[in-house]
Amino acid sequence: MLIAELFHPLAARLTLGLFALIWGAAVAAGLFAAPEWLSFVKEVAVWALFLLIPVAAITALTGLVLSRARPGPIADRKQRRLRQITALGILVVLPTMLALDALVQQGITGLPLLIGEGIELAAGLAVLVLMGISVRDGIQARREAAANPATPPQVEA
């Protein structure tokens with residue numbers, strides 16, 4: 001059994017859960033919270049990145065190890081999706097999170113905040129959907145691997 005087979009599902013669940021929690025908190029704070037709560041939520045979300053980023057990196061790395069151990073169309077789709085998730089996260093979600101936190105901490109509201117929130121939430125939703133599809137494909141890959149025991153045993157990584 002690959003060590004990645006143990007850590008990947010755990011890290012993936014934690015990554016998805018943390019991202020969903022951060023995204024949901026941003027939605028709730030943007031819709032229902034007073035400005036001081038919005039400020040608090042944005043600051044906590046930035047601090048949560050110190051946990052989310054390493055866990056997401058572990059998820060990605062263990063996923064790559066598993067895709068090399070079990071090559072095929074599912075692994076190829078998951079790798080393409082990983083690139084999309086990474087690009088959206090690094091190029092859109094992360095910068096907007098940091099920019100929105102800076103705006104809120106300075107007390108700036110109005111149109112700039114609304115536009116930034118819209119971009120952040122739309123990109124975040126896209127990331128969540130892509131993560132969900134990857135989870136579904138991971139479950140399918142695991143079922144196929146269990147149904148096809150003819151594959152040679154893997155060396156521990």
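This is a predicted model: local features need pLDDT of at least 70, side-chain atom pairs count only at pLDDT 80 or more; totals for chains, interfaces and linings use all residues.

Colleague: How are two packed helices described?

Modeller: In general, one gives the angle between the two axes and the distance between those axes. Here, helix H1 (residues 3–32) packs against helix H2 (residues 35–69) at an angle of about 155°, and their axes are 8 Å apart. An angle over 145 degrees counts as roughly antiparallel, and H1 and H2 are therefore roughly antiparallel to each other.

Colleague: In which sense does H1 pass H2, left-handed or right-handed?

Modeller: The crossing of H1 with H2 is left-handed. The residues of this contact comprise 22 nonpolar, six polar and two charged ones.

Colleague: Which residues have the most contacts inside the largest nonpolar core?

Modeller: They are Phe 19, Ile 22, Leu 52, Val 93, Met 97 and Val 127, in a core of 15 residues. H1, H2, helix H3 (73–105) and helix H4 (111–147) each give two or more residues to this core. H4 provides the largest share, five residues.

Colleague: With which residues is Met 97 in contact, leaving aside its neighbours within four places in sequence?

Modeller: Met 97 touches Ile 22, Ala 45, Val 46, Leu 49 and Glu 120. There is also a second, separate core of six residues, among them Ala 29, Leu 100, Val 104 and Leu 113.

Colleague: Is Thr 109 buried or exposed?

Modeller: A residue counts as exposed over 50% relative accessible area; Thr 109 has 52% and is therefore exposed. Thr 109 lies in the loop between H3 and H4. Its C-alpha atom is separated by 8.7 Å from that of Pro 35, although the two residues are 74 residues apart along the chain.

Conventions:
Residues are numbered from 1 along each chain as its sequence is written. Side-chain values use heavy atoms; hydrogens and water are left out. Axes are lines fitted to C-alpha atoms, for helices over the stretch in contact, and angles run from 0 to 180 degrees between N-to-C directions. Helices (H or I, at least four residues) and strands (E, at least two) are DSSP runs, numbered from the N terminus. Angles under 35 degrees count as roughly parallel, over 145 as roughly antiparallel, 65 to 115 as roughly perpendicular and the rest as oblique. A crossing is left-handed if the near helix is turned anticlockwise from the far one by less than a right angle, and right-handed if clockwise. Ala, Val, Leu, Ile, Met, Phe, Trp, Tyr, Cys and Pro count as nonpolar, Asp, Glu, Lys and Arg as charged, and the others, Gly among them, as polar. A nonpolar core is a set of buried Ala, Val, Leu, Ile, Met, Phe, Trp, Tyr and Cys residues joined through side-chain atoms within 4.5 Å. Buried means under 20% relative accessible area, exposed over 50%, partly exposed in between (1.4 Å probe, protein chains only). Contact means heavy atoms within 4.5 Å.
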